[in-house]
Amino acid sequence: MADHKNSLIMRALRNEETERPPVWLMRQAGRYLPEYMELRGKYGFLERCYTPEIATEITLQPLRRFDLDAGIIFSDILLPLHKMGADLHFRPGKGPQIDNPFRTPNDLKRLRPLDPEADLKPVLDAISLCSEQAAVPILGFAGAPFTLACYLIEGGGSKDWAHVKRFMYGDPEAFMTLLNRLADAVSAHLNAQIRAGASAVQLFDTWAGILSDEDFCRFALASSRRALLGVTEDAPTLYFTRDSGPFLRHLPYVSSDGIALDWRVDIGYARAMLGDIPVQGNLDPIALQAPTQTLTARVNNIIESAGPKGHIFNLGHGCTPETPISGVQAVVDAVHRWSW
């Protein structure tokens, strides 16, 4: 297993100046690649996640096509919930569904503790395989406690997350108990991924942006901080939430080594608000469908605004199924051409 301590991305996560920003893309492994779609036609989603050889192949696919500075393990944020008692399945074209949602404090009795070394061994095995085969660092990840709670309570995706908010408003103490239990499971999962070979880990709090400022701090931020402070293995951490603009001033409190930004936030403004902390981002994923000249200009503007110190170039959310391979290549080429 290669030592990536002085790789471009690890240097950026140490807040060092780099000759160009490292580049990787959220959801870079997956649905926009024809080789992934071929595997998708043969195996169900959970089978892809729980078969180490398949997850390894999917993780490595974009690294073969593009000169990326990191790979991110192919997995899913909901796998811990699956092992903690959620009846999880994925509907083709419709996303995840949990058929036994947890909607009352009494339902917390059904939540089992997570033993990632046993429950999620296929994910850890895939990280080990990728770390052995890839020339670049492999990143692990997990869902943040609030976002996991959203799916666990709602039972799937939602426009307004009404079940989640009714639980949160109706019994905030029980809701916080749920978040804390999920935070401890997340910490254990991230630590296990690092031991398996992940060079860094990212916490995805995709749905924290639905909250008011007060509720974000009380629930999402507090539980994510608990999860990240529980990461005791020696690897840097990143925290990402979509729609993070209103919460920028709070984000240093989460205690991650870096903050990943969505595309709605001006990255220069974010740096001023966050202080001396590495940032990641933050191209609009749909910009990958723009003409190459437009796309290159936007990449250059983001790099210029972020500055030479502690910046990882990425999207402000994940690649969409409509992402053209040419768009990804144009972004990677533009980042590689940059020189401070």
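How are helix 9 and helix 10 oriented to each other? They are roughly perpendicular. This structure is a predicted model.

**Helix 9 against helix 10**
- Helix 9 spans residues 162–170, and helix 10 spans residues 172–196.
- The two pack at an angle of about 115°, with their axes 5 Å apart.
- Helix 9 brings Val 164, Phe 167, Met 168, Tyr 169 and Gly 170 to the contact.
- Helix 10 answers with Pro 172, Ala 174 and Phe 175.
- Seven residues of this contact are nonpolar, one is polar and none is charged.

**Helix 8 against helix 9**
- Helix 8 covers residues 145–154 and packs on helix 9 at about 110°.
- The axes of helix 8 and helix 9 lie 8 Å apart.
- Helix 8 is therefore roughly perpendicular to helix 9.
- From helix 8, the contact uses Phe 146, Ala 149, Cys 150, Ile 153 and Glu 154.
- From helix 9, it uses Ala 162, His 163, Val 164 and Phe 167.
- This contact has seven nonpolar residues, one polar and one charged.

**The largest nonpolar core**
- The largest nonpolar core holds 127 residues.
- Phe 146, Phe 175 and Leu 283 have the most contacts inside this core.
- Helix 10 gives the most to the core, with 13 residues.
- Phe 146 is also part of the contact between helix 8 and helix 9.
- Phe 175 also takes part in the contact between helix 9 and helix 10.

**Helix 14**
- Helix 14 runs over residues 325–337, which is 13 residues.
- Its first and last C-alpha atoms are 18 Å apart, close to the 18 Å expected at 1.5 Å a residue.
- Its buried residues are Gly 327, Val 328, Ala 330, Val 331, Val 332, Ala 334 and Val 335.
- These buried residues pack against strand 8 (279–283), helix 13 (292–306) and strand 9 (311–315).

- Glu 173 sits in helix 10.
- Its relative accessible area is 65%. Exposed means over 50%, so Glu 173 is exposed.
- Glu 173 and Pro 105 are 68 residues apart along the chain, yet their C-alpha atoms are separated by 9.3 Å.

Technical notes. Residues are numbered from 1 along each chain as its sequence is written. This is a predicted model: local features need pLDDT of at least 70, side-chain atom pairs count only at pLDDT 80 or more; totals for chains, interfaces and linings use all residues. Side-chain values use heavy atoms; hydrogens and water are left out. Helices (H or I, at least four residues) and strands (E, at least two) are DSSP runs, numbered from the N terminus. The expected span of a helix is 1.5 Å times one less than its number of residues. Buried means under 20% relative accessible area, exposed over 50%, partly exposed in between (1.4 Å probe, protein chains only). Contact means heavy atoms within 4.5 Å. Axes are lines fitted to C-alpha atoms, for helices over the stretch in contact, and angles run from 0 to 180 degrees between N-to-C directions. Angles under 35 degrees count as roughly parallel, over 145 as roughly antiparallel, 65 to 115 as roughly perpendicular and the rest as oblique. Ala, Val, Leu, Ile, Met, Phe, Trp, Tyr, Cys and Pro count as nonpolar, Asp, Glu, Lys and Arg as charged, and the others, Gly among them, as polar. A nonpolar core is a set of buried Ala, Val, Leu, Ile, Met, Phe, Trp, Tyr and Cys residues joined through side-chain atoms within 4.5 Å.
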